[in-house]
Amino acid sequence: MAQTIYILNGPNMNMLGTREPDKYGRATLADVEKLCRTTAERFGFALVFRQSNIEGELVTWIQEAHAKKAAGLVINPAGYTTTSIAILDALLAVQLPVIEIHITNIHQRESFRQNSYVSKAAKAVICGFGIDGYALAISGLAGLLGIKEKH
Ligand code: DHK
């Protein structure tokens with residue numbers, strides 16, 4: 001049976017495409033999902049792809065990933081990156097391999113964007129590649145899990 005991975009997106013990621021396109025580009029969240037589905041398929045992963053503007057919903061989905069025995073999780077915590085102890089605690093509680101991703105290079109931006117709580121629970125962090133970072137996160141996760149490309 002295919003292993004499942006979760007890709008979770010935090011607040012305002014539903015605004016991709018029109019949100020500060022100079023920073024986040026013109027691709028929409030639907031485009032990101034399409035890219036993730038194509039990439040996940042290459043590695044034989046089943047994919048759960050979600051976005052929420054609500055912190056607690058993200059926490060619930062992290063717990064769900066664990067309950068459903070997901071193989072790993074990719075998260076763009078967006079604005080909750082530097083504020084959410086609840087998301088950090090959920091990630092620590094479930095002990096899944098986690099890749100943190102940001103579309104922009106947060107280290108080139110305001111200092112308040114740089115101190116990530118989520119990084120404390122992440123195996124790896126990808127930032128600055130635009131939406132391609134999602135594809136890199138999935139292939140990196142596959143590498144961590146010892147899964148090779150199927151075709
Ligand atoms: C997305 C956000 O919404 C911001 O709050 C982060 C991140 C950066 C991104 O680059 O994907 O600071």
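Reply: **Strand E1 and its surroundings**

Strands E1 and E2 pair in the parallel sense, over 6 bridges. Two strands count as paired if DSSP finds at least two bridges between them. Helices (H or I, at least four residues) and strands (E, at least two) are DSSP runs, numbered from the N terminus.

A word on the basis. This is a predicted model, in which local features need pLDDT of at least 70 and side-chain atom pairs count only at pLDDT 80 or more, while totals for chains, interfaces and linings use all residues. Residues are numbered from 1 along each chain as its sequence is written, and side-chain values use heavy atoms, with hydrogens and water left out.

Is E1 enclosed or open? It is largely enclosed by the rest of the structure, because 5 of its 6 residues are buried. Buried means under 20% relative accessible area, exposed means over 50%, and partly exposed lies in between (1.4 Å probe, protein chains only).

Take H3, residues 55-67. H3 has 13 residues and reaches 19 Å from its first C-alpha to its last, close to the 18 Å expected at 1.5 Å a residue. The expected span is 1.5 Å times one less than the number of residues. Its buried residues are Leu58, Val59, Trp61, Ile62, Glu64 and Ala65. They pack against E1 (4-9), E2 (46-51), E3 (72-76) and helix H4 (85-94). An α-helix has 3.6 residues a turn, so residues three or four places apart point the same way.

Gln63 also belongs to H3. With a relative accessible area of 47%, Gln63 is partly exposed. From Gln63 to Thr4 is 59 residues in sequence and 14 Å in space, C-alpha to C-alpha. Just past H3, Lys69 has a positive phi of about 60 degrees.

Now H5, residues 132-145. Its 14 residues should span 20 Å at 1.5 Å a residue, and the end C-alpha atoms are 20 Å apart, which agrees. Among its buried residues are Gly133, Tyr134, Ile138 and Leu141. The buried residues of H5 pack against E1, helix H2 (29-42), E3, strand E4 (98-102) and strand E5 (124-127). Just after H5, Gly146 takes a positive phi of about 75 degrees.

The chain then runs on to His151, in the segment after H5. At 66% relative accessibility, His151 counts as exposed. Leaving aside neighbours within four places in sequence, His151 is in contact (heavy atoms within 4.5 Å) with Glu41 and Arg42.

Most residues other than glycine have a negative phi. Glu20, in the loop between E1 and helix H1 (21-24), has a positive phi of about 30 degrees. Glu20 is partly exposed, at 34% relative accessible area. Ala78 sits in the loop between E3 and H4. Its phi is also positive, near 50 degrees. Ala78 is buried, at 18%.

What about cysteines? The structure holds 0 disulfides. A disulfide here is a pair of cysteine sulfur atoms within 2.5 Å. The sulfur of Cys36 is 17 Å from the closest cysteine sulfur, in Cys127, too far for a bond. Cys36 is buried, with a relative accessible area of 0%.

Finally, step back to the whole chain. It has 5 helices and 5 strands. Along the sequence they follow the pattern β-α-α-β-α-β-α-β-β-α. The radius of gyration is 14 Å, close to the 15 Å that the globule rule gives for 151 residues, so the chain is as compact as a globular protein of that length. That radius is taken over C-alpha atoms, and the rule is 2.2 Å times the number of residues to the power 0.38. The C-alpha trace spans about 40 × 30 × 25 Å along its principal axes. Of the 151 residues, 48% count as buried.
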